[in-house]
Amino acid sequence: MTDDAYLVLLTESAAPLGTPLAAVGDVACMDTPAVRGWLDAQGVTASSPWLRLVPPEETSAVPEGAERLPVPLSEEELSRLRHTVAPESVARLEEELLAYRSCAEGREALLTRALAAGVPAHRIAELTGEELSSVKAAAR
């Protein structure tokens, strides 16, 4: 397995692989001279239905002889790509996990704000499901 994602130009007979670029959104590598030159050499545009973005873990499935170009993606871009190629049930769970993470990251700040606003600690514990001792610790 490689650490790079790949731009792959599939033929009409190739099995679906990866995802179209439009499904992932903007990726910074598309503005690089290397990618623009590769697209020009292939005679395709970024909107070609045969041009696919393949995550690193799927590169072994790229057909032998298919035109391909390794492209570096940021963590955020790679996360969007993986979310796009995941089965729908997995994608929904990933969305829930991301929502949980965003709530958990602001947990301390939210508890502190609630306490500062005068919401009683026992009420915060009741509403959040947090232990009363954890809520009281946030006040310190």
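Reader: What do the buried residues of α3 pack against?
Author: They pack against β1 (5-9), α1 (21-24) and β2 (51-54). Contact means heavy atoms within 4.5 Å. Helices (H or I, at least four residues) and strands (E, at least two) are DSSP runs, numbered from the N terminus. This is a predicted model: local features need pLDDT of at least 70, side-chain atom pairs count only at pLDDT 80 or more, and totals for chains, interfaces and linings use all residues. Residues are numbered from 1 along each chain as its sequence is written, and side-chain values use heavy atoms, with hydrogens and water left out.

Reader: Which residues of α3 are called buried?
Author: E77, L78 and L81, in a helix of residues 75-85. Buried means under 20% relative accessible area (1.4 Å probe, protein chains only); exposed is over 50%, partly exposed in between.

Reader: Why are the buried residues of α3 said to line one face?
Author: Seen down the axis, they fall within an arc of 95°, so they line one face of the helix. The arc is that of the directions from the helix axis to the C-beta atoms.

Reader: What makes β1 mostly covered?
Author: Five of its five residues are buried. A5, L7 and L9 lie on one side, Y6 and V8 on the other.
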